[in-house]
Amino acid sequence: MAAMASSAAVSCKAAASAVRRFGSKSRAGLPKAGVKATRRVAVTTSATFAGGEGDFAPAPATPPPQVFNAASIKVVGVGGGGSNAVNRMVGSDINGVEFWIVNTDSQAMATAAVPDSCHIQVGKELTRGLGAGGNPEIGQKAAEESRQSIEQALAGSDMVFVTAGMGGGTGSGAAPVVAGVAKAAGILTVGIVTMPFKFEGRQRYNQAMDAVERLRRNVDTLIVIPNDRLLSAVDTALPVQDAFLLADDILRQGVRGICDIITLPGLINVDFADVRAVMADAGSSLMGIGRATGKNRAREAAAAAISSPLLDLGIDRATGIVWNITGSKDLTLHEVNEAAEVIYELVDPSALIIFGAVVNPSIKLAEGEVAITLIATGFQPSANPQAGMQGMQRGQQQAPPSPQGDVMGWGAQDQGGAPPPPPRGGGGGGIPNFLKRRMGR
C-alpha cells in the first residue's frame, strides 16, 4: 500500500508514459495491461488504487473550462494626488482592473491601500524616498532612473490609465514619463489629471500647465479636470478636505465609466477594440457626468452630462464619443434610447460613437438612479471658442420644463431640472432611432 500511495506523486506526463509502455510495469507494481489498457486512462491519485491493483478510472467526460482573453487594464496613480485617487479606487465599484501607484515618497507609499507588489518607488538613488520637493524636474529624473521598473510593471497591458494631480513635483514630472513608456509599448494610454484649485497658488498652476502639455504628447487621449469647476456645483460651505475628496471621486468616475464599458457584460456590450478605435491618438478629451431619478431619469441624466461644468466646450465639436449608462435591474432599452437621442442631437453626424448600457447592482447608486458618464474626444481647434457652448445651449433651450425627478449631475443646478425634448419619432415599437442612424436607415 505504501508503494501504491507513492505513485500518486507521479506527474501526468510520467503516468501517460507508463501507460504507453504496455509490456512494462509501473513503479507501483501494476501488472502488464496488454492491449486492453489502450482503451483506459490511468489516474495518478490515491483514489485510483483504492480498489486494489489494476483498477483504472475512465477518462473524465467534463469538458475543460472555457478561457476568455479579457483586456488587461491598469490604473497607475502617479505622485501624491494620483496615489490618493487610486487608493480610494481600491475596493470601490471598479471591476476588472489592476491598480498601481508610482511615487518618490516612501512614507506615503507605506500607508497605501494598494498591495506592496503594485508599488513603484521611483528615484531611490536621487530622492532617497523623501519626495520630489514640489520640483517637476526632480520627479522626471526620478522616473527616468526607474524606467526599467515602470516598463516591467506595464508589460502585457492593453490599456493604461495614468492619473495624477498636476502642479506638484512627482505627479507633474513623472506622469509624462510613465505615459510615454506605455504609449511606446503600443498600449492604449489615457491620461486623467486634475488642475489645481485656485487657492493652491499661481506657481503650482503654472507647473501644472507645463506638465499637461508634456503629458499630452505622451498619451492617446488626455482628460483634464479643472478642480475649480467642481466648486460651482457644490455647497459653498464644503470643507477643504472634502473638496479634494470630490476631485478624487471625479477621477474614479471617469475611470469607472470607461472600464465598465469594456469589462462588464451589459444590455449593450462593447469590446475593447471599439473603445480603442475612438480613443487611440484622439488628443484632447472632455468628460461629463450626470445622474438622475424619476420618470424621465435617463433623459435628465443625459442632459446633466452634456451640460456638465467639466465640459468647457460643446460636444458638437468632438470627433468621437464614448458614453456609458448605468442603472439597476429596472433600466430599460427605451431609457437607453431616450438618453442616446439627447446626446446624438448635439453630436456631429460624422462622429464615431461608442456606447454601453450596464446593469450592475454592485455600483453605489441611489434607489431608482441612473448614471451617465460621457467622454468626448478629438476636439479640433475653432476660431470661435464659444461655438460649442452655443450649440449646446440651443439644444437645451428646446427642453420643456418637467418637475419630475431629482437631477444630481454636475452642473444640474444651472439647467433647473429641465429634461431635454422627447425623441423625435421615437415613440412606439420597432428599432430605436439612434440604432437606425448607426445602420444608415
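**Exercise 1.** Is Thr170 buried or exposed?

*Solution.* The model is predicted, so that local features need pLDDT of at least 70 and side-chain atom pairs count only at pLDDT 80 or more, while totals for chains, interfaces and linings use all residues. Residues are numbered from 1 along each chain as its sequence is written, and side-chain values use heavy atoms, without hydrogens and water.
Step 1: Thr170 is found in helix α8 (helices are DSSP runs of H or I with at least four residues, numbered from the N terminus).
Step 2: The relative accessible area of Thr170 is 8%, so Thr170 is buried (under 20% counts as buried, over 50% as exposed and in between as partly exposed, with a 1.4 Å probe and protein chains only).
Step 3: Beyond the neighbours within four places in sequence, the contacts of Thr170 include Val78, Asn103 and Gly139 (contact means heavy atoms within 4.5 Å).

**Exercise 2.** Determine which residues of helix α6 (residues 136–145) are buried and where they lie.

*Solution.*
Step 1: Pro136, Gly139, Ala142 and Ala143 are buried in α6.
Step 2: These residues lie on the same side of α6, because their arc around the axis is only 120° (taken from the directions from the helix axis to the C-beta atoms).
Step 3: The buried residues of α6 pack against α5 (124–127), α7, α8 and α9 (202–216).

**Exercise 3.** Identify the residues through which α7 meets α8.

*Solution.*
Step 1: On the α7 side they are Arg147, Ile150, Glu151 and Leu154.
Step 2: On the α8 side they are Val177, Val178, Val181 and Ala182.

Note on methods. Helix = DSSP H or I, 4+ residues; strand = E, 2+ residues; numbered from the N terminus.
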